[in-house]
Amino acid sequence: MATWNASSPTASPCSSRRRTKAPARRPSSESPPPRKMKSMAEVMAKSVRVFEQEEEEDEDSYSDLACEKCGSGEGDDELLLCDKCNRGFHMKCLRPIVVRVPIGPWLCVDCSDQRPVRRLSQKKILHFFRIEKQIDQTDKSELSQEETRKPRRRTCSLTVKKRRRKLLPLVPSEDPDRRITQLGTLATALTALGIKYSDGLNYVPGMAPRSANQSKFEKGGMQVLSKEDLETLEQCQAMCRRGECPPLVVVFDPLEGYTVEADGPIKDLTFIAEYTGDVDYLKNREKDDCDSIMTLLLSEDPSKTLVICPDKYGNISRFINGINNHNP
């Protein structure tokens with residue numbers, strides 16, 4: 001039988017019990033070991049759940065948002081939210097129309113000091129375009145017969161000659177209310193952009209004088225209108241003064257802004273409108289951001305070249321471009 005001797009420094013070889021050494025105590029002056037920090041994956045795992053929950057709540061709160069003007073909730077990319085009242089408005093439903101998404105905070109008309117563009121009445125539209133008088137149906141029929149009366153063709157020989165195509169007068173809409181609506185779209189667009197209506201060229205002090213616009217300064221010579229084309233031009237000018245405008249409407253395009261579309265059939269080579277606005281030298285407008293500058297006179301001297309700038313004065317020509325001219 002194995003025995004244990006307390007006085008003996010060592011245990012018996014047959015003993016299975018061993019003494020373990022106690023861990024040494026750490027001096028109080030030493031700093032404690034660093035605490036185990038959570039990994040970034042563990043932190044993000046918890047934060048993602050909270051973020052997704054908040055995002056779902058925001059989507060649910062704006063899922064039934066609709067435009068205050070038209071009542072439709074379609075077109076989320078064109079729906080602006082007021083930073084004060086939190087109501088939604090389509091950019092094309094606002095007056096004036098908002099072409100691009102504003103940068104920074106945006107306030108609606110009710111929350112800001114901006115005054116809305118009101119719809120122009122018929123009386124204001126007639127005054128806006130300085131229409132001389134309205135013609136009753138009997139006078140109109142007599143006038144249309146005189147204007148559409150064509151000279152009798154002369155008998156010619158068997159030799160067929162190619163005739164030069166002449167300008168055709170505009171054919172306005174027969175319904176007077178429809179013409180007022182067409183003029184109303186133009187008046188609204190001009191008012192929204194702060195442009196005054198003008199049916200002629202304007203020579204403002206500080207820009208190009210009237211004496212700079214002469215046919216002898218045109219490079220290569222000026223094209224002269226024939227007698228028939230000149231009569232067509234004068235006839236169309238008289239029709240516009242009476243409020244008989246071409247069948248055109250000014251509409252809003254989300255990419256190009258205000259454009260012009262046909263509101264009725266228009267034949268080829270039909271006179272529509274003259275380009276109007278302020279006349280200035282091209283050298284003064286080289287850095288102008290106006291998107292509707294038109295060349296008026298191309299001179300041998302580039303510094304004497306004239307352009308028409310419809311940024312302050314203009315008519316429907318200011319909105320005509322090639323985006324919608326494919327309509328019949």
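How many helices and strands does the secondary structure of the chain come to? In this predicted model, the count is five helices and ten strands. The chain has 328 residues, and buried residues make up 25% of them. Its accessible surface comes to about 25,200 Å². Carbon and sulfur atoms account for 51% of that surface. Contacts were also examined by sequence separation. Among contacts with a separation of 6 or more, 64% join residues 24 or more positions apart.

Aromatic side chains were considered next. A pair of aromatic rings is described by the distance of the centres and the angle of the planes. The structure holds six aromatic pairs. One of them is formed by Phe89 and Trp106, with ring centres 6.1 Å apart. The planes of Phe89 and Trp106 meet at 65 degrees; edge-to-face pairs require over 60, so this pair is edge-to-face. The pair links distant parts of the chain. Phe89 belongs to strand β2, which spans residues 88-90. Trp106 lies in the loop between β2 and α2, the latter covering residues 122-128. The two residues are 17 residues apart. Phe89 has a relative accessible area of 5% and is buried. Trp106 also counts as buried, at 14% relative accessibility. Both values fall under the 20% cut-off for buried residues.

A second pair is made by Phe128 and Phe129. Their ring centres are 5.1 Å apart. Their planes stand at 70 degrees, so Phe128 and Phe129 are edge-to-face. Phe129, at 6%, counts as buried.

Lys283 lies over the face of Tyr281. The distance from the ring centre of Tyr281 is 5.5 Å.

The surface was examined for nonpolar patches. Met40, Val43 and Met44 make a nonpolar surface patch of about 300 Å². Val43 lies in helix α1, which runs over residues 40-61. The relative accessibility of Val43 is 42%. Buried residues are under 20% and exposed ones over 50%, so Val43 counts as partly exposed.

Methods:
Residues numbered from 1 in each chain as written. Predicted model: local features only at pLDDT ≥ 70, side-chain atom pairs only at ≥ 80, totals over all residues. Heavy atoms only, no water. Phe/Tyr/Trp six-rings, centres within 6.5 Å; stacked < 30°, edge-to-face > 60°. Helix = DSSP H or I, 4+ residues; strand = E, 2+ residues; numbered from the N terminus. Buried < 20%, exposed > 50% of the residue type's maximum accessible area, 1.4 Å probe, protein only. Lys NZ or Arg CZ within 6 Å of the ring centre and 35° of its normal. Patch = residues over 30% accessible without salt bridge, like charges linked within 9 Å, V, L, I, M, F, W, Y side chains within 5 Å. Areas by Shrake-Rupley, 256 points an atom, 1.4 Å probe, with all protein chains shown as cover. Salt bridge = Lys/Arg side-chain N within 4 Å of Asp/Glu carboxyl O. Contact = heavy atoms within 4.5 Å.
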